[in-house]
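Take a look at the model below. We will walk through it piece by piece.

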Amino acid sequence: MKKLAETEVQIAPLIAERWSPRVFDPEFIMDENIVKSILEAARWAPSCFGDQPWKFVIFHKKDALQWVKALNCLSIGNQNWAMDTSLLIAVCANKNFKHNNNENKWSHYDTGAASENICLQSTYLGLAAHQMGGFDSDKIRNLANIPVEFDVMSFIAIGKPLAKNLMTNEQVEAEGTARKRLKLNEIYFENKWDNLKG
Ligand SMILES: Cc1cc2nc3c(=O)[nH]c(=O)nc-3n(C[C@H](O)[C@H](O)[C@H](O)COP(=O)(O)O)c2cc1C
């Protein structure tokens, strides 16, 4: 199901196409080339000092035992739909720079950029990625042995969105809700804070 952004001015089609569905094809299993392509996109995100502070722990649905353990780290509400995706990614950010071990104040920022690359590459491949903050941080840290110097920022669930004609009426209704954004002139100022554009 497509849910194009209604933009005030034209933007790159890929950005307009990306959205966060909650209804996926439960039969779809991602092949290795697609997984690699999605991670390659993350790899090419920019980062402060070129530090690349991100690290991803991936869980394939085809590896059912580990997949279910990862799924169980999500909130119940997220489990309900993420169970039909094919890949779960725990997104981690190194709190310190590699070159001097000082605090990296941009690590979360950079890891967010890498995550958006994952989302856009998934869209490009005809799939959809849905990011989640609703998960148990301690659970995934223990499950995946994530070191303390890394913050677990999010999970990303990636799968094949279910075709609209295969959805129930309730699913069509839920997925059809309007995508909301602030107005363009509400997200930036010119020259000084509070100098609203528009
Ligand atoms: C950091 C982050 C955490 C999110 N957490 C959740 C979540 O736990 N569950 C969920 O269903 N969606 C979650 N979302 C998805 C947002 O609700 C969604 O991106 C937002 O409503 C905008 O919709 P769009 O992505 O379709 O444009 C999260 C998104 C981000 C970026």
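Several elements cover the buried residues of helix α5, including α2, β1 (54–60), β2 (87–94), β3 (128–132) and β4 (150–159). This is a predicted model: local features need pLDDT of at least 70, side-chain atom pairs count only at pLDDT 80 or more, and totals for chains, interfaces and linings use all residues. Residues are numbered from 1 along each chain as its sequence is written. Helices (H or I, at least four residues) and strands (E, at least two) are DSSP runs, numbered from the N terminus.

Which residues of α5 are buried? They are Ser107, Asp110, Thr111, Ala114, Ser115, Asn117, Ile118, Cys119, Gln121 and Ser122. Buried means that 20 or more other C-beta atoms lie within 10 Å of the residue's own; exposed means 12 or fewer, and partly exposed is in between, with C-beta atoms placed from the backbone. An α-helix has 3.6 residues a turn, so residues three or four places apart point the same way.

Helix α5 covers residues 107–124, which makes 18 residues. From its first C-alpha to its last it reaches 26 Å, close to the 26 Å expected at 1.5 Å a residue. The expected span is 1.5 Å times one less than the number of residues. Just after α5 comes Gly126, with a positive phi of about 80 degrees.

Now turn to the sheet. It is open, and its 4 strands follow the order β1-β2-β4-β3 with antiparallel pairing. The edge strands are β1 and β3, as each pairs on one side only. From one strand to the next, the twist averages 25 degrees. Two strands pair if DSSP finds at least two bridges between them. Helix α2 packs on this sheet and touches β1, β2 and β4. Its direction makes about 165 degrees with that of β1. Such angles run from 0 to 180 degrees between N-to-C directions, and the axes are lines fitted to C-alpha atoms, for helices over the stretch in contact. Contact means that the C-beta atoms of two residues, placed from the backbone, lie within 7 Å.

Go through the pairs. β1 and β2 are joined by 7 bridges. Here Trp54 stands opposite Ala93 in β2. β2 and β4 share 8 bridges, again antiparallel. Leu87 faces Ile158 of β4. β3 and β4 have 5 bridges between them, and Ala129 stands opposite Ile158 in β4. Why is β2 largely enclosed by the rest of the structure? Because 7 of its 8 residues are buried.

Back to α2, which spans residues 32–43 and holds Glu40. Glu40 counts as exposed because it has 12 C-beta neighbours inside 10 Å. Glu40 and Gln121 are 81 residues apart in sequence, yet 9.0 Å apart in space, C-alpha to C-alpha.

Two loop residues come next. Phe49 sits in the loop between α2 and β1. Its phi is positive, about 60 degrees, although Phe49 is not a glycine. Phe49 counts as partly exposed because it has 13 C-beta neighbours inside 10 Å. Asn101 lies in the loop between β2 and α5. Asn101 is not a glycine either, but has a positive phi of about 65 degrees. With 10 C-beta neighbours inside 10 Å, Asn101 counts as exposed.

Last, the ligand. The residues around it are Trp19, Ser20, Asn78, Gln131, Met132, Gly133, Gly134, Ser154 and Arg179.

How values were computed:
A residue is near a molecule or strand if its C-beta atom, placed from the backbone, lies within 6 Å of it.
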